[in-house]
Amino acid sequence: MTTNVAASFQYHAPSSVEEACRLLAKYKGGAKLLAGGHSLLPLVKLRLATPEALIDLSRIKGLSYVKAGRKGLAIGAMTTYYDIESSDVVKKAAPVLADAAAQVADTQVRNAGTLGGSLAHSDPAGDLPAVVLALGAELEVHTARGSRTISVDNFFRDLLTTALRPNEVLTEIRIPPLPARTGTAYVKLANKASHYAVVGVAAVVTLDKAGVCAAARVAVTGAGPHAVRAKRTERILIGKKLSALVIRRAAERAGAEIGDGFNSDIHASAEYRAAMTIVFAERALTEAVGRV
Ligand SMILES: Cc1cc2nc3c(=O)[nH]c(=O)nc-3n(C[C@H](O)[C@H](O)[C@H](O)COP(=O)(O)OP(=O)(O)OC[C@H]3O[C@@H](n4cnc5c(N)ncnc54)[C@H](O)[C@@H]3O)c2cc1C
């Protein structure tokens, strides 16, 4: 039977991360954190998720901020897409993040949806997982007992599955400074209704003074069960001058890490996603190189 009415649950609105952590520990995996609610609440309404309790993070002061320092950007997990896309600090330090946040859904979703919620949810079609992967972010998480830092390279594990444990709250996303002569881009084939990425590619490319690629991080979303780095593409780029031919050859390998795991659904077949991964990798790389 399908229903559009949530099963009953307890509601808590803690005023600190410590209190949220204590509540998570108390429910022993039976509670869910609530951020913008744009992904979680539809699941709860359809009873695809039936948490015993929702722990609302929105009353916690100090989880929504953007700070820039020598070590790069620090962004609070409850910072909304709107706050990111409209932040001059983000536009300067990590323009691709502001640009990608502006491509999420519509104003309503961007006013409530959060960076932390997007990463913790690990939707296969989410935009920002690919962007933070390409930016080489670090994620700070808290429990009732302490904190730890997770490299974004180890964060996205499977469909809607991350390295977060059920008792952990993601609190901060840290993005290292971009080196000189770095260009960035995020491009996607957007679903016409929701704007979710059918395929999206983020590219961060650094050239040396001679125009040779010194570093590259490329990440793909929408194509497989979770966002992944396109490491074979990166390896082809590094050490070469990025002509159109080199970019094309590198883009052709952008789906290599997804292998036979391309998603196939009502929006696109696996074959179409594989083809679009190449097309959008080529576009992202060309744009990123053009912005160095
Ligand atoms: C109509 C529509 C269109 C959309 N289009 C797009 C799109 O184009 N691109 C895109 O990327 N997304 C899109 N989304 C999804 C949107 O970006 C969501 O807001 C986002 O995926 C989840 O963020 P949230 O803050 O709403 O999290 P919630 O829905 O509140 O939570 C999502 C999950 O993350 C967990 N969580 C949240 N915060 C934390 C935290 N700090 N620590 C640990 N766990 C946490 C929750 O427990 C839950 O499991 C769309 C959503 C809708 C409704």
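1. A backbone N or O atom of Gly 37 lies 2.7 Å from an oxygen atom of the ligand. That is a polar contact, meaning a pair of N or O atoms within 3.5 Å. The model is predicted: local features need pLDDT of at least 70, side-chain atom pairs count only at pLDDT 80 or more, and totals for chains, interfaces and linings use all residues. Numbering runs from 1 along each chain as its sequence is written, and side-chain values use heavy atoms, without hydrogens or water.

2. For Leu 170, a backbone N or O atom is 2.9 Å from a ligand nitrogen atom. For Tyr 196, the distance from a backbone N or O atom to a ligand oxygen atom is 3.1 Å. The protein covers 90% of the 970 Å² of accessible area that the ligand has on its own (Shrake-Rupley method, 1.4 Å probe).

3. The ligand is surrounded by 31 residues (a heavy atom within 4 Å). The closest are Leu 33, Leu 40, Tyr 81, Thr 114 and Asp 127.

4. Now helix α1, residues 17–27 (a DSSP run of H or I, at least four residues; strands are runs of E, at least two). Val 17, Ala 20, Cys 21, Leu 23, Leu 24 and Tyr 27 are buried (under 20% relative accessible area; exposed is over 50%; 1.4 Å probe, protein chains only). They cover an arc of only 160 degrees around the axis, so they sit on the same side of α1. The arc is taken from the directions from helix axis to C-beta atoms.

5. Arg 22 and Lys 26, on the other side of α1, are exposed. The buried residues of α1 pack against β1 (10–12), β2 (31–34), β3 (53–56), β6 (138–143) and β10 (169–175) (heavy atoms within 4.5 Å).

Key: A polar contact is a pair of N or O atoms within 3.5 Å; within protein, one must be able to donate a hydrogen and the other to accept it, and residues adjacent in sequence count only if both atoms are side-chain atoms.
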